[in-house]
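Have the sequence and the model open as you read.

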Amino acid sequence: MLPLLRRLQAGGRTLRCLNLASYNYLGFAAQDPYCTPRVEEVLAAWRRISAPVLWVDGDLTDLSVWWGQRYSLAEFDQRIAVVPQLRRERLSPCGHMLHHEQPAALAALLVDFLG
């Protein structure tokens with residue numbers, strides 16, 4: 001195990017986490033009758049998040065694999081920016097599988113963020 005990852009083991013503290021990575025709820029995944037019409041509802045909820053949020057992505061992530069040509073990175077950036085205390089980080093070189101491609105760098109960001 002990497003030294004930084006050991007520091008992330010459970011230590012008796014309870015942290016509440018929200019997975020913002022569900023592209024479905026941002027309207028980016030395949031069109032479906034449940035998620036697609038709820039983009040504004042989700043963005044309204046995201047605007048109310050009072051906790052700090054860390055968003056990490058990789059510079060080599062090919063969004064067209066999931067979104068095709070339906071949405072641009074600029075549109076995603078606009079939607080995620082509604083989170084009030086958003087901290088964005090980008091790992092390089094790194095694709096979609098951050099924890100496999102850059103485990104030490106990702107762990108360092110998490111340790112720093114969780115303080």
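## Confidence first

Student: Which elements have the lowest and the highest mean pLDDT?

Tutor: Among the elements of the chain, the lowest mean pLDDT, 40, belongs to helix 1 (residues 3-6). pLDDT is the predictor's confidence in each residue, from 0 to 100. Helices (H or I, at least four residues) and strands (E, at least two) are DSSP runs, numbered from the N terminus. The highest mean, 93, goes to strand 2.

Student: What are the ground rules for this model?

Tutor: Residues are numbered from 1 along each chain as its sequence is written, and side-chain values use heavy atoms, with hydrogens and water left out. The model is predicted, so totals for chains, interfaces and linings use all residues, side-chain atom pairs count only at pLDDT 80 or more, and local features need pLDDT of at least 70.

Student: What is the mean pLDDT of the chain, and where does pLDDT stay under 50?

Tutor: The chain has a mean pLDDT of 75, and 67% of its residues reach 70 or more.

## The overall layout

Student: In what pattern do the helices and strands follow along the sequence?

Tutor: Six helices and two strands make up the secondary structure. Read along the sequence, they give α-α-β-α-α-β-α-α.

Student: What share of the residues is buried?

Tutor: Buried means under 20% relative accessible area, exposed over 50%, and partly exposed in between (1.4 Å probe, protein chains only). The chain has 115 residues. The buried share is 30%.

Student: Which residues of helix 4 are buried, and which are exposed?

Tutor: Helix 4 covers residues 73-80, and its buried residues are Phe 76, Arg 79 and Ile 80. They lie on the same side of helix 4, because they cover an arc of only 90 degrees around the axis; the arc is that of the directions from the helix axis to the C-beta atoms. On the other side, the exposed residues are Ala 74 and Gln 78.

Student: How are the planes of the aromatic pair arranged: stacked, edge-to-face or tilted?

Tutor: The whole structure holds one aromatic pair. Rings of Phe, Tyr and Trp (its six-membered ring) pair if their centres lie within 6.5 Å; planes under 30 degrees apart count as stacked, over 60 as edge-to-face and the rest as tilted. The centres of Trp 55 and Phe 76 are 5.1 Å apart and the planes are at 45 degrees, so the pair is tilted.

Student: Where do the two partners sit, and how buried are they?

Tutor: Trp 55 is in strand 1 (residues 53-58) and Phe 76 in helix 4, 21 residues apart, so the pair links distant parts of the chain. Trp 55 is buried at 7% relative accessibility. For Phe 76, also buried, the value is 3%.

Student: How far is the C-alpha atom of Val 53 from that of Leu 86?

Tutor: Val 53 lies in strand 1. Val 53 and Leu 86 are 33 residues apart along the chain. Their C-alpha atoms are separated by 4.9 Å.

Student: Which peptide bond is cis?

Tutor: Most peptide bonds are trans. Pro 93 is in the loop between strand 2 (86-91) and helix 5 (98-101). With omega near -10 degrees, the cis bond runs from Ser 92 to Pro 93.

Student: Which residues of helix 6 are buried?

Tutor: Helix 6 covers residues 103-114. Its buried residues are Leu 106, Ala 107, Leu 109 and Val 111.

Key. Expected span 1.5 Å × (residues − 1).
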